[in-house]
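Please work through the following exercises with the sequence and the model displayed side by side. Each task is followed by a worked solution.

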Amino acid sequence: MIEYEALENMIVITGASKDEVDLVIPSIIDDKQVCLIKENAFSGNNNIISVKIPGSVKVIGEYAFSSCNKLKKVDLDEGVETIEDWAFISSPIETIDLPRSIRNIGTNAFLG
């Protein structure tokens, strides 16, 4: 189950239950657009194997998927613009497709 904060005009993803394996971030929750994955949202989650992030998410925060020891596949839809510093550090990603919409990849975003 996805965990989130509902702000006035958008949804911020803050995490997920530990039983999520193939994580699919929705683009709309409660009639609001999902725009941000918060820093440390999934950090240290050792169950996630794959994640699909919709184009409505403009920013993937710092350390959002750091140390996800089983994360192998990341699917980013067109529209994602920023991957912040250390977002995927120490996660053993084997497959990732970066859309043309990416404008900024932070320091050490994929280190390790």
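The exercises below concern a predicted model and treat aromatic pairs, backbone angles, a serine side chain and the nonpolar core.

**Exercise 1. Classify the aromatic pair formed by Tyr-63 and Trp-86, and locate both residues in the chain.**

Solution. 
1. The structure holds 4 aromatic pairs. In the pair of Tyr-63 and Trp-86, the distance is 5.3 Å centre to centre, with 15° between the planes.
2. Planes under 30 degrees apart count as stacked, so Tyr-63 and Trp-86 form a stacked pair.
3. The pair links distant parts of the chain, 23 residues apart. Tyr-63 lies in the loop between strand S7 (59-60) and strand S8 (73-76), and Trp-86 in the loop between strand S9 (82-83) and strand S10 (95-97).
4. Tyr-63 has a relative accessible area of 30% and is partly exposed. Trp-86 is partly exposed as well, at 25%.

**Exercise 2. Determine the geometry of the pair Phe-88 and Phe-110, and state whether each ring residue is buried or partly exposed.**

Solution. 
1. Phe-88 belongs to the loop between S9 and S10, whereas Phe-110 is in the segment after strand S11 (104-105). The two are 22 residues apart, and the pair links distant parts of the chain.
2. Buried means under 20% relative accessible area. Phe-88, at 0% relative accessibility, is therefore buried, while Phe-110, at 33%, counts as partly exposed.
3. Phe-88 and Phe-110 also belong to one aromatic cluster with Phe-42 and Phe-65.

**Exercise 3. Examine phi of Asp-31 and of Trp-86.**

Solution. 
1. Most residues other than glycine have a negative phi.
2. Asp-31 is not a glycine, although its phi is positive, at about 65°. The residue is found in the loop between strand S4 (28-29) and strand S5 (32-37), and it counts as exposed, with 77% relative accessibility.
3. Trp-86 also has a positive phi, near 60°. This residue is found in the loop between S9 and S10 and takes part in the stacked pair with Tyr-63.

**Exercise 4. Identify the backbone oxygens that the side chain of Ser-56 reaches, and describe the surroundings of this residue.**

Solution. 
1. Ser-56 lies in the loop between strand S6 (50-53) and S7.
2. The relative accessible area of Ser-56 is 8%, so this serine is buried.
3. Its side chain reaches the backbone oxygen of Val-34 at 2.8 Å and the backbone oxygen of Ser-27 at 3.5 Å.
4. Not counting residues up to four places away in sequence, Ser-56 touches Ser-27, Gln-33, Val-34 and Cys-35.

**Exercise 5. Find which residues have the most contacts inside the largest nonpolar core, and which elements give two or more residues to it.**

Solution. 
1. The largest nonpolar core has 28 residues. Those with the most contacts inside it are Ile-25, Ile-37, Phe-42, Ile-53, Ile-60 and Phe-65.
2. Strand S2 (11-16), S5, S6 and S8 each give two or more residues to this core. The largest share, 3 residues, comes from S2.
3. Ile-25 illustrates the packing: with residues up to four places away in sequence left out, its contacts include Ile-2, Ile-13, Val-34, Ile-37, Phe-42, Val-51, Ile-53 and Val-57.
4. Phe-42 and Phe-65 are among the residues with the most contacts inside the core, and both are also members of the aromatic cluster with Phe-88 and Phe-110.

Methods: Residues are numbered from 1 along each chain as its sequence is written. This is a predicted model: local features need pLDDT of at least 70, side-chain atom pairs count only at pLDDT 80 or more; totals for chains, interfaces and linings use all residues. Side-chain values use heavy atoms; hydrogens and water are left out. Rings of Phe, Tyr and Trp (its six-membered ring) pair if their centres lie within 6.5 Å; planes under 30 degrees apart count as stacked, over 60 as edge-to-face and the rest as tilted. Helices (H or I, at least four residues) and strands (E, at least two) are DSSP runs, numbered from the N terminus. Buried means under 20% relative accessible area, exposed over 50%, partly exposed in between (1.4 Å probe, protein chains only). A polar contact is a pair of N or O atoms within 3.5 Å; within protein, one must be able to donate a hydrogen and the other to accept it, and residues adjacent in sequence count only if both atoms are side-chain atoms. Contact means heavy atoms within 4.5 Å. A nonpolar core is a set of buried Ala, Val, Leu, Ile, Met, Phe, Trp, Tyr and Cys residues joined through side-chain atoms within 4.5 Å.
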